Amino acid sequence: MPREGARQGGTFVIVGVAATLVHVAVALAAREALGLAPLNANLAGYCAAVGVSYLANARLTFRRPSRNLAQFGRFLAVSLLALGLNQALVYLLVERAGWPFWLALVPVVLAVPTLSFALSKLWAFRAA
């Protein structure tokens with residue numbers, strides 16, 4: 001089982017990097033090209049990345065079927081919790097602390113995936 005946990009962790013990192021790159025690219029493009037406010041730009045990034053994250057984690061990380069409504073519901077709950085943490089960090093760091101938007105994304109991409117993996121493994125994608 002430790003091997004499987006290590007495989008899952010490694011795959012989760014790879015999927016997370018791909019989803020994070022999608023998130024950051026869309027968020028920065030929405031901010032710079034469309035002039036969206038930081039929280040709206042961040043939300044656009046999140047929306048673009050969530051589909052990548054669910055499908056890849058279901059199929060590759062946790063080797064679960066992707067067409068499972070209960071599982072998707074749990075994933076969505078984890079994802080929305082992560083989004084709340086994500087938005088709170090962006091708000092606090094950009095709006096309250098005055099950090100540049102790009103710098104605020106650094107703690108976001110470190111803290112949020114850690115919490116997401118734990119909740120995904122233990123709850124969202126748990127085997128029946």
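Modeller: What follows starts from the whole chain and then turns to one residue. This is a predicted model, in which local features need pLDDT of at least 70 and side-chain atom pairs count only at pLDDT 80 or more, while totals for chains, interfaces and linings use all residues. Residues are numbered from 1 along each chain as its sequence is written, and side-chain values use heavy atoms, with hydrogens and water left out.

Thr11 lies in helix α1, which covers residues 2-32; helices here are DSSP runs of H or I with at least four residues, strands are runs of E with at least two, and both are numbered from the N terminus. The protein chain has 4 helices and 0 strands, in the order α-α-α-α from the N terminus. Its radius of gyration is 15 Å, close to the 14 Å that the globule rule gives for 128 residues, so the protein chain is as compact as a globular protein of that length; this radius is taken over C-alpha atoms, and the rule is 2.2 Å times the number of residues to the power 0.38. The C-alpha trace spans about 45 × 25 × 20 Å along its principal axes.

Returning to the residue itself, Thr11 is buried, with a relative accessible area of 19%, where buried means under 20%, exposed over 50% and partly exposed in between, using a 1.4 Å probe and protein chains only. Buried residues make up 34% of the 128 residues in the protein chain. Setting aside neighbours within four places in sequence, Thr11 is in contact (heavy atoms within 4.5 Å) with Leu60 and Thr61.
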